[in-house]
Amino acid sequence: MELDSLYQEVILDHYKRPFHKGLSGTPTKQVHHVNPSCGDEITLNIELDGDLIRDVNWDGVGCSISQASVSIMSELLIGKSVDDAFKVVEEFTELMQSKGSILGNEEVLEDAVAFAGVSKFPARIKCALLGWMAFKDAASQGLSQQVKGEK
Ligand code: ZN
């Protein structure tokens, strides 16, 4: 099987059977991000315990790339520290900006390397990054909220 079609399978699988979809729990922070150029929308909850990511869950509508990407991301980042998660986000962002020139580090990105091919299509990059940007936003806000002692 070609790598590209294998990757498409991974994306379609997550689109059809998304992980951590459905808003639940008592989030430290909830954010809503949209990608108007494609019509993708994601509401993302993050639950922090200090700098540990206890849970990420989300709800959304949009194209298969945007929805599969946030599914893979949630699975990947739950249980990590915010610092470690930000490193993964950075790595993924780099992959998305690579215009197809890199394959992505599978040890860090796991299933998210499936989006490597998407980086060749400028119009779809925002779709792939939507959930990750929402996460970054929610985690930063959640952290500073905790520092201020709000919860
Ligand atoms: Zn999209």
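Accessible areas are computed by the Shrake-Rupley method with a 1.4 Å probe, and for residues only the protein chains shown count as cover. The model is predicted: local features require pLDDT of at least 70 and side-chain atom pairs pLDDT 80 or more, while totals for chains, interfaces and linings use all residues. Residues are numbered from 1 along each chain as its sequence is written, and side-chain values rest on heavy atoms, with hydrogens and water left out.

**Figure 1. Overall architecture of the protein.** The protein exposes about 7,800 Å², of which carbon and sulfur atoms supply 51%. Its secondary structure comprises 5 helices and 3 strands, where helices (H or I, at least four residues) and strands (E, at least two) are DSSP runs numbered from the N terminus. The order of elements from the N terminus is α-β-β-β-α-α-α-α. The radius of gyration is 15 Å, close to the 15 Å given by the globule rule for 151 residues, so the protein is as compact as a globular protein of that length; the radius is taken over C-alpha atoms, and the rule is 2.2 Å times the number of residues to the power 0.38. Along the principal axes, the C-alpha atoms fill a box of roughly 50 × 30 × 25 Å. Of contacts (heavy atoms within 4.5 Å) between residues at least 6 apart in sequence, 60% join residues at least 24 apart.

**Figure 2. The largest nonpolar core.** A nonpolar core is a set of buried Ala, Val, Leu, Ile, Met, Phe, Trp, Tyr and Cys residues joined through side-chain atoms within 4.5 Å. Buried denotes under 20% relative accessible area, exposed over 50%, and partly exposed the range in between (1.4 Å probe, protein chains only). The largest core has 43 residues, and Leu44, Phe92, Met96, Phe115 and Phe135 have the most contacts inside it. At least two core residues come from each of H1 (3-16), E2 (40-49), E3 (52-61), H2 (64-77), H3 (82-96) and H5 (122-147). H5 gives the most, with 10 residues. Beyond its neighbours within four places in sequence, Phe135 contacts Leu44, Ile46, Ile53, Val56, Met73, Leu77, Ala85, Phe86 and Val89.

**Figure 3. The zinc site.** Protein donors of the zinc ion are Cys38 (SG), Asp40 (OD), Asp40 (OD), Cys63 (SG) and Cys127 (SG), at 2.1 to 2.7 Å from the ion. Donors are N, O and S atoms within 2.8 Å of the metal (3.2 Å for Na, K and Ca); water is not among the atoms, so sites may look incomplete. The donor residues follow the spacing C-x1-D-x22-C-x63-C in sequence. Cys38 lies in the loop between E1 (29-35) and E2, and Cys63 in the loop between E3 and H2, so this pair ties together parts 25 residues apart in sequence. Cys38 is partly exposed, at 34% relative accessible area, whereas Cys63 is buried, at 13%.

**Figure 4. Helix H2 and its surroundings.** H2 has 14 residues and reaches 20 Å from its first C-alpha to its last, close to the 20 Å expected at 1.5 Å a residue; the expected span is 1.5 Å times one less than the number of residues. Because 12 of the 14 residues are buried, H2 is largely enclosed by the rest of the structure. The cover over its buried residues includes H1, E2, E3, H3, H4 (106-109) and H5. Just after H2, Gly79 adopts a positive phi of about 95 degrees.
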